[in-house]
Amino acid sequence: MNSTSLEISNLLSNSKLWRMHRPMGLGHKELHHYIEDKLPTWHKHTLGKSYRGKKIFSYSLGSDTGKKVLMWSQMHGNEPFSTYALVLAMEFLQTDHELSRLVRESLNIIAIPMLNPDGSQNFTRRNAQGININRDALRRTSPEAQILAKTFENFAPYYCFNLHDQEIYYAPQGEDRPTAMAFLVPSSDIRKTVTQARMEAMDILGYVARELNDYPLAKYNDSFMPTAFGDYFSSQGAATMLFETGYIIGDQLRRETSLLHALSILLALRHIAQSNGREYINVYEQLPFNQKHAFFDFIMKNVILKNGKQSYRVDLAINRNRLDPDRFVSFDEEYLVFDIGDLTGKQAFRVKDFEGKLILPKEKIFMYAQADWLLPYFD
Ligand SMILES: [Zn+2]
């Protein structure tokens, strides 16, 4: 990371918001109070209401004649760190810093922090109707999708930032650390045509990736998903970028990676404000793909499973039950055995070798996975 990026990171970490990190994020009221109180430079607008009647707000900043950028966070309610990142970046853009002044003079920004307030309250991926807003870009059954689509149509941005958090279990292909930030320039059609707008988005993300190259970064594959908002906006000609908060081992509240996410947003805005080149496309193209299930929470090696009269030696891979986010119960209750067998070469945040000394009845492995001695590690 160069000295400007380090300086910006340090300034971001001075924000009061950075000390307000909680596993389930900010409440809807708390978030908008914070913005009203601390970010008076941003102009607030009411866009509409969520399915349960919570107001969805946008905030605007910049020059009327500037390049238009639309950013939104937390369309998946259980991805609160994208909102911390967005608001940290918004707060920074009010300052007198050179980057902030450049962005305010050259860009026209609308930000929608917390597009899915009902899902955020319940800590579910989906909205209160049970709809995944990110598969509702065309049919628009959810009021949240209607609001995002209408804002896009009215504002007609050329640049779109789609801000999410990913599961902590990803790693860039060939890396032994989890992905700290993941990116994607979504496709605009089934053939994955590399349009001018996509090239520009790749250049922007390549620039960001080059700046953050001390960290394990990855890109998602760009299979076309017409009902997802990123792909839809891309198909409408916008230079669309996906940003996903990743994970650094030990940073349970993802304070470090939400800071990286905020920095990524700011660097992307700076590049939009000052660039007309294409020199970083290859940096984006060379990013490794993001690998799902590269990590587990825990691997128990060389456990003896007793199955009736037989017993055999296995390894167990155990995750907290965050695999289906809509079945999520709490941060410290549910564990499940994800894989059984020879797990040589698999990675976990914690590995313990039982050397054949722990015998588990096969029918009880789920119970053992919830045993007390597992819990302190995750606290
Ligand atoms: Zn998401």
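Helix H2 spans residues 28-38, and its buried residues are Leu31, His32 and Ile35. These residues lie on the same side of H2, because they cover an arc of only 90° around the axis. An α-helix has 3.6 residues a turn, so residues three or four places apart point the same way.

The other side of H2 is exposed at Lys29, Glu30, His33 and Asp37. What covers the buried residues? Strand E2 (55-62) is part of the cover, and so is helix H3 (81-92). This is a predicted model.

Helix H7 runs over residues 196-211, 16 residues in total. From its first C-alpha to its last, H7 reaches 23 Å. That is close to the 22 Å expected at 1.5 Å a residue.

H7 is largely enclosed by the rest of the structure, because 13 of its 16 residues are buried.

## Two domains

How is the protein chain divided? Domain 1 covers 3-291, and domain 2 covers 295-378. Their centres, taken over C-alpha atoms, are separated by 34 Å.

## Confidence

The protein chain has an average pLDDT of 92. A score of at least 70 is reached by 93% of the residues.

Residues 372-379 are another matter: pLDDT stays under 50 there. For this stretch the model has 7 contacts beyond four places in sequence. Where pLDDT is low, the predicted coordinates should not be read in detail.

Note on methods: Residues numbered from 1 in each chain as written. Predicted model: local features only at pLDDT ≥ 70, side-chain atom pairs only at ≥ 80, totals over all residues. pLDDT = per-residue confidence, 0-100. Contact = placed C-beta atoms within 7 Å. Buried ≥ 20, exposed ≤ 12 C-beta atoms within 10 Å, placed from the backbone. Helix = DSSP H or I, 4+ residues; strand = E, 2+ residues; numbered from the N terminus. Arc of directions from axis to C-beta. Expected span 1.5 Å × (residues − 1). Domains from an automatic or database assignment.
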